[in-house]
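This briefing is for a reader who is new to the structure shown below. Please look through the sequence and the model before reading on.

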Amino acid sequence: MTKTQQTKIYSRPSQSILSPASGFIQAYDFTLNPYRGCQYGCSYCYAAAFSPNAEMRQDWGNWVIIKENAAQLLQRDLERWYKRHDAPPSIYMSTVTDPYQPVEAKRGLTRLLLEVMLPFKPCLVIQTRSPMIVRDVDLLQRFRRLRINMSIPTGSDRVRRDFEPRSPSVAARLQTMAKLRQAIAPDKGYPPKLSITITPLLPTFWQDCDRFMAQLAVVDRVVIQPFHQASDRSLVASTRSDAIALKTKYAWWYDNEKQSYQQFKEILDRQLSHLEVREGQAGFGYE
Ligand code: SF4
């Protein structure tokens, strides 16, 4: 085990790397998570529930397990896929970690997996909140069917600092999408589809709204999803206790959450009429 900036980093062989997709993204063949754990440690992260044990769940955000044999497993699985199928698989990377969290800068596992995948021509969706993805433009532009989903749950950096203080700023993420749009032009490669996923929808201060809307226009699709899918489960199933205190801090939004959501959606529809605005599961498909 090594430690970087308080993160405990473990390197372990994994039993598998491609998992059959289910639930929200069941339209895909597989999910692909290069790491277990996530250094961003967002307060609302449902993935904490999949920690190896209760202690690590409590310590979410402070540990990462590198799947050290991920590239070999992926190569094997993709070869097996083509023995049984003519069409390429569809893969969602990632669902319970961020493939471009800080540890990726040194370890390069996500980059290695992209290299493995390229000759197999999968339909690939990458979900991240990290500007580091720009590092891999040389590979990304060679995927014919690629969608990049950038998570930006709020247009207000003050809110971002409360709910996900370790994650990149809102401005950095928006700039990343603009860079990707510019860097992967048709004369340089296959331009990817670009989405911003405002999921879960966190409060955005109304004074930040207009600027945020204007900046969203760089992508093809915007996806929103309420913070709580089921109000009776509230924050308990998907987050740690940190988020409950935050909900209180943002009572001006959460006391009328349905109305706040609806108002935000109406602004999106009005100001981004030239974009796809999708809600929930419908927003996570490749097409
Ligand atoms: S970046 Fe994603 S996986 Fe990582 S802690 Fe935040 S919500 Fe969870």
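The model is predicted: local features need pLDDT of at least 70, side-chain atom pairs count only at pLDDT 80 or more, and totals for chains, interfaces and linings use all residues. Residues are numbered from 1 along each chain as its sequence is written, and side-chain values use heavy atoms, with hydrogens and water left out. Helices (H or I, at least four residues) and strands (E, at least two) are DSSP runs, numbered from the N terminus.

**The sheet**

- An open sheet with mixed pairing is formed by 8 strands, in the order β3-β4-β7-β8-β9-β10-β11-β12; two strands pair if DSSP finds at least two bridges between them.
- At the edges are β3 (18-20) and β12 (276-279), each of which pairs on one side only.
- On average, neighbouring strands of this sheet are turned by 25 degrees against each other, direction ignored. Axes are lines fitted to C-alpha atoms, for helices over the stretch in contact, and angles run from 0 to 180 degrees between N-to-C directions.
- Helix α11 (residues 257-271) packs on the sheet and touches β10, β11 (221-224) and β12, where contact means heavy atoms within 4.5 Å. The direction of α11 makes about 170 degrees with that of β11.
- Strands β8 and β9 (residues 145-151) run parallel and are joined by 6 bridges. Thr128 stands opposite Met150 in β9.
- Met150 also has a bridge partner in β10, namely Ile196. The pairing of β9 with β10 is parallel, over 5 bridges.
- Strand β10 pairs with β11 in the parallel sense as well, over 4 bridges, and Ile198 has Ile224 in β11 as its bridge partner.
- Of the 6 residues in β10, 5 are buried; buried means under 20% relative accessible area, exposed over 50%, and partly exposed in between (1.4 Å probe, protein chains only).

- Thr31 is part of strand β4 and counts as buried because its relative accessibility is 9%.
- Not counting residues up to four places away in sequence, Thr31 touches Ile17, Leu18, Ser19, Ala21, Ile25, Tyr92 and Thr95.
- Leu32 is also placed in β4; with a relative accessible area of 0%, Leu32 is buried.
- The contacts of Leu32, again leaving out residues up to four places away in sequence, include Leu74, Tyr92, Leu113 and Met117.
- The C-alpha atoms of Leu32 and Thr97 are 9.5 Å apart in space, while the two residues are 65 apart in sequence.

**Aromatic rings**

- Rings of Phe, Tyr and Trp (its six-membered ring) pair if their centres lie within 6.5 Å; planes under 30 degrees apart count as stacked, over 60 as edge-to-face and the rest as tilted. By this rule there are 12 aromatic pairs.
- The pair of Tyr28 and Tyr92 is edge-to-face because the planes are at 80 degrees, with ring centres 5.1 Å apart.
- Tyr28 lies in the loop between β3 and β4 (30-32) and Tyr92 in strand β7, so this pair ties together parts that are 64 residues apart in sequence. Both tyrosines, Tyr28 and Tyr92, are buried.
- A cluster linked by ring pairs consists of Phe163, Phe205, Trp206, Tyr250, Trp252 and Trp253.

**Around the ligand**

- The residues surrounding the ligand are Cys38, Tyr40, Gly41, Cys42, Cys45, Trp60, Thr97 and Arg129; a residue is near a molecule if one of its heavy atoms lies within 4 Å of it.
- This shell divides into 5 nonpolar, 2 polar and 1 charged. Ala, Val, Leu, Ile, Met, Phe, Trp, Tyr, Cys and Pro count as nonpolar, Asp, Glu, Lys and Arg as charged, and the others, Gly among them, as polar.

**Backbone features**

- Most residues other than glycine have a negative phi, and most peptide bonds are trans.
- Met93 and Ser94 are joined by a cis peptide bond with omega of about 10 degrees. Ser94 is in the loop between β7 (90-93) and α3 (103-107).
- Another cis peptide bond, with omega of about -10 degrees, joins Thr199 and Pro200. The loop between β10 (193-198) and α8 (206-216) holds Pro200.
- Lys121 has a positive phi, near 50 degrees, and lies in the loop between α4 (109-117) and β8 (123-128). Lys121 is exposed, with a relative accessible area of 54%.
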